[in-house]
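Here is a short briefing on a protein structure. Please keep the sequence and the 3D view open while reading.

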Amino acid sequence: MGGTESYPNLPDTSPVGQPLDWAWLRGARSEWGVQPKPSARGLTMMDIAVGSYGEVPERPGHRSMAPRGADVDPDTPDMGYLLNAKTDVWALNVRELYEEAVARQWSATRDIPWGELEELPSDLEHAICQLCTSLTEVEMIAADLPAKWMWRMNHDFIEAKMFLCTQIMDEARHAEVFRKRALANGGGLLKSRAGPASLLRTIIEAKTYTQATALLHLLGEGFILDLFRQGELIAPGPVEKKMFRMAMQDEARHVAYGTMHIRYAVEHDPDVADEIHEALDVGEAALFELGTSPDLGTALALLLAGGSEQVEEQGFAMQGDLLRKQVTSYLSRCERAGVPRLDRTTLPLDLLGITRDDLVGVGA
Amino acid sequence: MDSVAFLEGLAAQMNAHPDRYEVLGDCDLVLGVVVQRPDGQAFRARITFEGIACLDVCEAEAGDEALADCWLEGPLDAWSAMVDDIVEHGRATGRHTLNSLTLMGESIRLRGQDVMGIDKFSRFNQSLQEFFDGAAARSVRAVG
């Protein structure tokens with residue numbers, strides 16, 4: 001309980017005659033004195049998840065913006081939250097991921113060695129500008145989607161909302177860094193067409209948050225994570241390599257949240273798996289359309305080839321290898337999330353030469 | 001590269017220069033290292049990172065690398081080439097970065113039993129690179 005002293009000498013009215021309420025001082029019905037101890041790195045969200053403050057209810061009893069653990073008046077207004085079950089948004093690693101995100105922020109202005117950009121052959125400059133155009137376009141979906149759903153999440157799941165805030169900041173930085181690169185070396189933003197928008201629209205229009213997070217974190221960001229990892233081969237120079245490495249770290253955090261959120265949701269409500277599968281059926285088709293879109297696909301092939309002359313011989317082969325890695329990682333994450341897709345996916349596994357043995361934690 | 005002393009040297013570098021890691025952020029994982037020697041034997045170790053510190057380096061038995069979140073596995077000459085590049089340039093360059101080396105999987109492979117553990121390699125990649133870049137320090141080179 002919040003304090004036991006009665007403080008008998010406090011006034012009942014203010015100097016201008018207004019009645020005063022000292023309930024917060026005279027014993028709020030909340031836990032007092034938990035006194036979490038900082039760990040070696042400071043006072044983390046894990047450290048303060050103690051006593052009643054660390055208990056996240058399966059179904060919160062109210063729908064206000066009151067902080068979890070406070071003494072909440074019964075007449076606090078209902079904020080109209082739609083996601084009121086812990087399984088709707090929670091992931092067991094969400095507190096750690098929030099702390100990680102805060103600790104690993106970086107600056108697209110300061111941490112990329114922009115001064116080291118060198119003039120590129122025209123075909124490579126065009127290709128990296130096209131890739132950056134496409135990436136700037138798709139990155140912001142990972143900010144818009146959490147923003148669309150966050151105000152619908154019950155405030156008792158504050159840690160999940162806080163993590164999603166970091167994701168939104170990350171995606172703003174990704175849009176920033178790719179936009180800056182497109183403009184920084186004498187090029188500019190290039191083509192944006194209808195095709196890629198179909199995946200983005202599928203994600204943003206998902207009927208439930210868990211469907212949306214499957215499409216965004218597991219599918220979309222999973223593929224982008226592997227693309228960023230391949231930045232070592234895609235990037236024409238050290239500036240772009242650094243850009244991809246830094247963005248890769250952020251993207252991997254988002255994928256870690258999505259994978260573990262879906263796992264949590266499916267473990268607590270196996271029926272959710274069906275709705276996730278249905279969403280991914282549609283999403284995979286849209287993703288394939290994005291991956292084979294004329295602008296993104298050809299720009300990637302040219303960058304992987306190191307120039308226009310080697311596109312056919314080298315570029316498309318390397319692109320096929322990239323796609324194989326992306327699909328293998330995606331299917332492995334689906335297994336980990338509790339929604340195995342190997343026997344259901346419409347992605348061309350035969351064409352890519354992917355079998356059960358290629359998946360992490362699944363093979364013989 | 002294939003000794004606990006060498007890895008402990010890297011750990012000492014990390015712990016002596018927290019400022020280099022503070023800007024990269026906390027890094028929480030257990031990384032396995034498998035160095036295949038020409039004689040067919042392998043050196044195995046587990047490295048424990050927490051926050052901006054390396055807490056522990058220990059030699060591991062065959063198969064114990066699977067207790068790590070993920071592990072890096074490759075022949076001694078591939079590891080040595082990476083260290084040589086770091087020593088020459090002060091940090092890994094070009095195709096000698098951890099991310100590059102593991103990307104093609106031809107020399108050093110990134111492995112794990114859990115995709116979440118493997119993804120930690122991506123999440124903490126720049127901290128891990130900084131750790132191995134510590135091989136440029138004279139004190140570490142003397143051991144390696």
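This is a predicted model: local features need pLDDT of at least 70, side-chain atom pairs count only at pLDDT 80 or more; totals for chains, interfaces and linings use all residues.

Chain A and chain B touch through 30 residues of chain A and 30 residues of chain B. Over all chains, a search of the whole structure finds ten aromatic pairs.

**The interface of chain A and chain B**

- About 2600 Å² of area is buried between chain A and chain B, and carbon and sulfur atoms give 51% of this area.
- Three arginines, A:R41, A:R104 and A:R229, supply 27% of the area that chain A buries against chain B, which is more than any other three residues supply.
- Five salt bridges are found across the interface of chain A and chain B.
- A salt bridge joins the side chains of A:R336 and B:D114, with 2.6 Å from N to O.
- Between chain A and chain B, 16 residue pairs are in polar contact, counting pairs with both residues at pLDDT 80 or more.
- On the side of chain A that touches chain B, the elements that give two or more residues are α2 (94-103), α7 (209-229), α8 (231-234), α9 and α12 (311-337) of chain A.
- Helix α9 of chain A gives eleven residues, the largest share of that side.

**Aromatic rings**

- A:F163 and A:Y257 form a tilted aromatic pair, with 5.2 Å from centre to centre and 40° between the planes.
- This pair links distant parts of the chain, since A:F163 lies in helix α5 (residues 158-184) of chain A and A:Y257 lies in helix α9 (residues 238-268) of chain A, 94 residues apart.
- A:F163 is buried, with a relative accessible area of 0%, and A:Y257 also counts as buried, at 0% relative accessibility.
- In chain B, the ring centres of B:W79 and B:F132 are 6.0 Å apart and their planes are at 35°, so this pair is tilted.
- B:W79 belongs to helix α3 (residues 76-89) of chain B and B:F132 to helix α6 (residues 125-133) of chain B, so that the pair links parts of the chain 53 residues apart.
- Both B:W79 and B:F132 are buried.
- One aromatic cluster is formed by B:F49, B:W79, B:F131 and B:F132.
- A charge also meets a ring in chain A: the charged end of A:R152 sits over the ring of A:W149, 5.3 Å from the ring centre.

**B:E73**

- B:E73 is in strand β4 (residues 70-75) of chain B.
- Is B:E73 buried or exposed? B:E73 counts as buried because its relative accessibility is 15%, and the cut-off for buried is under 20%.
- The side chain of B:E73 makes a polar contact of 2.9 Å with the side chain of B:W71, and another of 3.1 Å with the side chain of B:R111.
- Leaving aside neighbours within four places in sequence, the residues in contact with B:E73 include B:V34, B:Q36, B:W79 and B:R111.

**A:S64**

- A:S64 lies in the segment before α1 (86-89) of chain A.
- At 4% relative accessibility, A:S64 counts as buried.
- The side chain of A:S64 makes a polar contact of 3.3 Å with the side chain of A:H62, and reaches the backbone nitrogen of A:A66 at 3.0 Å.
- Beyond neighbours within four places in sequence, A:S64 is in contact with A:V72, A:T76, A:P77, A:M79, A:Y81 and A:H155.
- A:K37 is 27 residues from A:S64 in sequence and 29 Å away in space, C-alpha to C-alpha.

Definitions and conventions:
Residues are numbered from 1 along each chain as its sequence is written. Chains are lettered from A and ligands numbered from 1 in the order in which they are written. Side-chain values use heavy atoms; hydrogens and water are left out. Rings of Phe, Tyr and Trp (its six-membered ring) pair if their centres lie within 6.5 Å; planes under 30 degrees apart count as stacked, over 60 as edge-to-face and the rest as tilted. Helices (H or I, at least four residues) and strands (E, at least two) are DSSP runs, numbered from the N terminus. Buried means under 20% relative accessible area, exposed over 50%, partly exposed in between (1.4 Å probe, protein chains only). A charge sits over a ring if NZ of Lys or CZ of Arg is within 6 Å of the ring centre and within 35 degrees of the ring normal. A polar contact is a pair of N or O atoms within 3.5 Å; within protein, one must be able to donate a hydrogen and the other to accept it, and residues adjacent in sequence count only if both atoms are side-chain atoms. Contact means heavy atoms within 4.5 Å. Buried area is the accessible area (1.4 Å probe) that two parts lose on being put together, summed over both. A salt bridge is a side-chain nitrogen of Lys or Arg within 4 Å of a carboxyl oxygen of Asp or Glu.
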